[in-house]
Amino acid sequence: MATSQKDIRKLAQVLLRDQGFYSGEIDGLWGKGSNAAFADYSRFLRASGQEIGSEGAIVEDSTVGSITGVVVLDPGHGGKNKTGGSSANNATSSSGVPEKTMTLELAKLIRKELNKISSGRPGSNVKVHLTRAGDSNLGLADRAKVARAKGANVFVSIHYNGFDGRVRGTETLILSAANGNVNDADDRALAERVQSRVFAALSSHDPKARNRGVKDNQRLGVLKDVHLQNPRADLKTRACLAEVEFIDVDVVDKLLNTGPNAKAVRLDVARAMAEAIAEDLEAHS
Ligand SMILES: [Zn+2]
């Protein structure tokens, strides 16, 4: 079996570290530390008359592959009225920020970060669409139909949770094969990428972040393959629904909305989601 991108990156991290460049945690994640180390290392190479990719340089172009595909991001809820199974709003943060506002802001940030990643990788061609651009609602099937109309390779529905003000954690939902999912393994792979990166981003700011994992949910109309039209042979949309955190928990609200680092945390969550989607596109490019 060929060495995976992840292994190559991990190896590069170790090599950079051994040469005295900080390359982030050696955990397989390709985080900010590693990117900074690459920037440092390429400056060092240039200063010594070499180029990245020249003989002796450990960094090869293959560590960042081009990515191609159509992505539809679905900010959960919106507007004032329930429509087609989609409520105008579900959770509200303890300081009063509605979920629908947070999902729209996050989707816009993810689009920006994904476009950034794409333009940084030569040969890439990624189109990112949102199911809604403002404070309006769409029914669940209509959200999935946006993915179908745009020919989406990846569809991610974005939500925040709320329960009893105490339960918290990050979870990502998919439909199982038993519930009629025709590309369940691909959906799960996408969901695992989203889940692990979003959780890593949150736990880097909050050691009490909780990983609730990838879960099967049979009632999610927005993920139903009949709406995504996955039974068609020519296009199988990989789809999942992220529940980023429980915003009715005070510490979570502080983390994401009212605390001094809230904006930076939200940006890190968006970057994590964009990186997860890029990784998924790369695996299918
Ligand atoms: Zn929701």
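Predicted model: local features only at pLDDT ≥ 70, side-chain atom pairs only at ≥ 80, totals over all residues.

**Whole chain.** Start with a cartoon view. Of the 285 residues in the chain, 44% are buried. Take the contacts between residues at least 6 apart in sequence: 73% of them link residues at least 24 apart.

**Select 250–258 and 262–284.** These are helices α7 and α8, respectively. At what angle do α7 and α8 pack? About 90 degrees, with 6 Å between their axes. Angles of 65 to 115 degrees count as roughly perpendicular, so that is the label for α7 against α8.

**Show side chains at the contact.** On α7, pick L255, L256, N257 and T258; on α8, pick A262, V265 and R266. Colour by type and this α7–α8 contact splits into 4 nonpolar, 2 polar and 1 charged.

**Move into the core.** The largest nonpolar core has 62 residues, and V198, C240, V269, M273 and I277 touch the most other members. Which helix gives the largest share of this core? It's α8, with 10 residues.

**Last stop: V269.** Centre on V269 and ignore its neighbours within four places in sequence; its contacts are then L106, V198, A201, L202 and V244. You've already met one of these partners, V198, among the core residues that touch the most other members.

Conventions. Residues numbered from 1 in each chain as written. Axes fitted to C-alpha atoms, helices over the stretch in contact; angles between N-to-C directions. Helix = DSSP H or I, 4+ residues; strand = E, 2+ residues; numbered from the N terminus. Parallel < 35°, antiparallel > 145°, perpendicular 65-115°, else oblique. Contact = placed C-beta atoms within 7 Å. Nonpolar A, V, L, I, M, F, W, Y, C, P; charged D, E, K, R; others polar. Core = buried A, V, L, I, M, F, W, Y, C linked by C-beta atoms within 7 Å. Buried ≥ 20, exposed ≤ 12 C-beta atoms within 10 Å, placed from the backbone.
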